[in-house]
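Below is a short report on a predicted model. It begins with the nonpolar core, then turns to strands, helices, the interface and confidence.

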Amino acid sequence: MTSIFKKLIQVIFLLTLPLGVIAEWGLNMGSGVTPISQKVYDMHMISLTVVTVIGILVFGVMFWSIFHHRKSRGVKPAQFSHSTTVEVIWTTIPLIIIIGLAIPATKLLIEMDDTSDSALTVKAVGYQWKWKYEYLEDDLTIYSNLDEKSVELSQRVDGVNPMEHENYLLDVDEPLVLPTNTKIRILTTANDVIHAWWVPDLGWKRDAIPGFINDNWTMINEPGTYRGQCTEICGKGHGYMPIVVKAVSMEEYKTWVAEKKESQEATAAASNKEMSMEELMTKGEVVYKANCLACHQANGQGIQGVFPALAGSQIAIKPENIKTHITHILYGKNLMPAFGEQLNDGDIAAVTTYERNAWGNDTGDMIQASDIKAERK
Amino acid sequence: MSTLAHEHDHHHSPSGLKRWFFSTNHKDIGTLYLIFSLMMFFIGGAMAMIIRAELFQPGLQFVDPQFYNSMVTVHALIMIFGAVMPAGVGLANWMIPLMIGAPDMALPRMNNMSFWILPFGFALLISTLFMNGGGPAGGWTMYPPLVLQLGDAFPFLIFTVHILGVSSIMGAINIIATVFNMRAPGMTLMKMPLFVWTWVITAFLLIASLPVLAGAVTMLLTDKYFGTSFFSAAGGGDPVLFQHIFWFFGHPEVYILALPAFGIISTIIPTFSRKPLFGYASMVYATASIAILSFFVWAHHMFTVGMPIKGELFFMYATMLISVPTGVKVFNWMATMWKGAMTFETPMLFSIAFVILFTIGGFSGLMLGITPVDFQYHDTYFVVAHFHYVLLTGAVFALMAAVYYWLPKWTGYMYDEKLGKIHFWLSTIAANVLFFPQHFLGLAGMPRRIPDYNIQFADFNMISSIGGFAYGLSQLLFVYIVIKCALGGKKAKAQAWEGAKGLEWTVPSPAPFHTFETPPKLTKAMLEY
């Protein structure tokens, strides 16, 4: 509570302080880290200043009138009811002001629209509820999920305190790594419903629409980590699909790409090997938390009427349904998205095993990567 | 018309359930609309309380994200279609015949029907919350493909929208028919009270925009059940097409909520300034220009969908242009107060708060209209703050002002002025504590429609929630004041307010069951609003 009072006092002193200080308290928009975000911030400050000045003038006149022209002061009301001159003046002045705002806004919009001459293209694909990033030139694909700690802290259970996690709901397992001082084209689209890709420090957001591709660009000047969120309601996980951009130098970026590719190949190779029950369950739990928990819940009970329970489910316990279980995960069903593309055989084997043995399902079934491979069409 | 009304002169007013279910009397139907909208205001308000309770601190405490989303969705649908619109129609029903010297609405039976289908529409909507799969949870804007993922509630949502649309269109036709056919001799169009003018223009907006919404939701229905692909890219359609159609309805809808409020304020400020409205003609023209422009700005709700730049520029210019006639209105209200002899009864207080707070909402609206910066503001709490300033401290404050202003005419008693003022100050302070910090949240990067947030947003969310609870509780006082006034108090004179002009103040308070069965003789003084 004390921090609230502190904030309240800060707000009260807001008007007496320079604007730069205000931004630090989260009262104003930040100026970001790209040339465009700086210009967007400037445009924001121009329009904010214009409306503030108009507001002070208009409300000032009104309060003067409220104070002086009150019946209790014994004034007699005037009876005038129009004045063409005044009316022409207060139609013309606002018109001039908005033209004055429209000119810089138009210039800025044209600049933001120019995606030509980019050195690198990344396609951001929105999924319910994660982002997939495809580095088109480098032939690399990564999936970016909410980090495990945020997943744990965001459950509706007692004893979790999000205040412990500075980047609560703003952290991911795999950030989007981008090189600095490079014009990067960012394409946005989606796999299922409409999402929106927004990192405030880059100065814009853009919808990710299934079946359509929007193009945008950015050029990050300062290395660092920049965080944002999905900004178009996309179902129950809308608040849980953050975007994290990690800006590094071009050399570091190249090293990262090479390492990432190597580790992906290694994982793919390793995923084909046989695993013990313990290995399957440990890995399965990790995969479950990242991909399945949002709907089917930590206790496997799902949400009644929307997301079916896995605990005690016929599909997850009957031996004759193993095939159905695997194909549901691979190809999806109704609201359930297809995971075949996102997860490798080892991951799917592990999560299937986990679901068949957790929460009292105890079937003892062990599913291996080869079983998954057999079901892929 | 007047002879027909004369035959009913000696009938007793009906009583009991029959009076309310079968009523064709504009005053009774107006009362029904107003009571219904107050009930909806509290149901929608309860949902807002759930939202603010969940957002009180980071983490999930009370509801699951899916239910949170349906609260966000149904809160909006109920407040827009159940609270603000019916309250406006209720006022129109009560006041338009009294203001133009007509015995009743032109189409009284249709009037009964347009009210009585509303409770059924909302029963359908609210019942969806208990259905398999939960209530609508994709936002009141119903964007596909998300809305198509809805469970059993989906067809109910669509039919609710149809029913509410039918009701509003009938109400609008009735208002237009009444105003164009039933004005007292001498009441020319340019002598009508501004409230009547704003409502006629609103009625045209309703008739032009609601069928578009009905079309859009019907296309959703066929996409879901009959294999069409209007909005599915996989079938050759376009999800953004829905947004274009929706907002072609949605933006005029904003003015459907706001224009009657402008009419109310233009009635109340002259009364308590004891001075005629400044620039009557320019008010009428400004209202008409706002209404016309409202059909050319819809895509400013969807700047981020990736329109061609020429489209973005067009919609930016058109949007900024709306601030000119809106500015004219604000300046006219100021000039009306200028050199008046003002007193500050509750309706006047709410009206002054309206002018200031609606203008603040207009300022953030102008900022949102600037496309390159809207890319930052869009779908953040800055937008939530903006539209609550124009709809809550705008439209709802004007409706509150109207209720206080005409309550003496409706009940025959003066409301408790002291309690009214307390209600005003509580509401105004609470609403600002509730919504002003949301500007900061939006600018700092908090998206709208999320059930949980990063800890950097914790303080302002807590402040906002405290304001929310205070605002919610203060409205109970309003109910108490209204009930108290209906039951008794100081008798109201026919001319309840010293400076009030207009025909409604020539009939006794409370207004008798039948009024103006013969058209009133208008004098010049009666028309100097």
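## Nonpolar core

The largest nonpolar core has 270 residues. Those that touch the most other members are V84(B), V196(B), I265(B), F354(B), A398(B) and A401(B). A nonpolar core here is a set of buried Ala, Val, Leu, Ile, Met, Phe, Trp, Tyr and Cys residues joined through C-beta atoms within 7 Å. Buried means that 20 or more other C-beta atoms lie within 10 Å of a residue's own; exposed means 12 or fewer, and partly exposed is in between, with C-beta atoms placed from the backbone. In soluble globular proteins, nonpolar side chains tend to be buried together.

Take V196(B). Leaving aside residues up to four places away in sequence, V196(B) touches I96(B), M99(B), I100(B) and V179(B). Contact requires C-beta atoms, placed from the backbone, within 7 Å.

## Basis of the model

This is a predicted model: local features need pLDDT of at least 70, side-chain atom pairs count only at pLDDT 80 or more, and totals for chains, interfaces and linings use all residues. Residues are numbered from 1 along each chain as its sequence is written, while chains are lettered from A and ligands numbered from 1 in the order in which they are written.

## Strands of chain A

Helices (H or I, at least four residues) and strands (E, at least two) are DSSP runs, numbered from the N terminus. Strands pair if DSSP finds at least two bridges between them.

Strand 5 of chain A covers residues 184–190. Six of its seven residues are buried, so strand 5 of chain A is largely enclosed by the rest of the structure. Strand 1 (residues 120–127) of chain A runs parallel to strand 5 of chain A, joined by seven bridges. There, L120(A) has I184(A) as its bridge partner. Strand 8 (residues 214–218) of chain A pairs with strand 5 of chain A in the antiparallel sense, over five bridges. R185(A) is partnered by W217(A).

Strand 10 (residues 242–248) of chain A has five of seven residues buried, so it too is largely enclosed by the rest of the structure. Strand 4 (residues 176–179) of chain A pairs with strand 10 of chain A in the parallel sense over four bridges. L178(A) stands opposite A247(A). Strand 9 of chain A pairs with strand 10 of chain A in the antiparallel sense over six bridges. R227(A) has V244(A) as its bridge partner.

## Helices

Helix 3 of chain A has 34 residues. At 1.5 Å a residue it should span 50 Å, and its end C-alpha atoms are 49 Å apart, which agrees. The expected span is 1.5 Å times one less than the number of residues. Its buried residues include I36(A), K39(A), H44(A) and I54(A). Their cover includes helix 4 of chain A, plus helix 11 (346–369) and helix 12 (371–377) of chain B.

Helix 10 (residues 309–337) of chain B should span 42 Å; its end C-alpha atoms are 43 Å apart, which agrees. K339(B) follows helix 10 of chain B with a positive phi, near 60 degrees.

## Interface

Across the interface, 85 residues of chain A are in contact with 83 residues of chain B. Helix 4 of chain A gives the most to the chain A side, with 15 residues. By class, that side has 46 nonpolar, 25 polar and 14 charged residues. Ala, Val, Leu, Ile, Met, Phe, Trp, Tyr, Cys and Pro count as nonpolar, Asp, Glu, Lys and Arg as charged, and the others, Gly among them, as polar.

## Confidence

The model scores ipTM 0.91 and pTM 0.91. Over residues 1–10 of chain B the pLDDT is below 50. Chain A averages a pLDDT of 89.

Definitions and conventions: Contact = placed C-beta atoms within 7 Å. pLDDT = per-residue confidence, 0-100.
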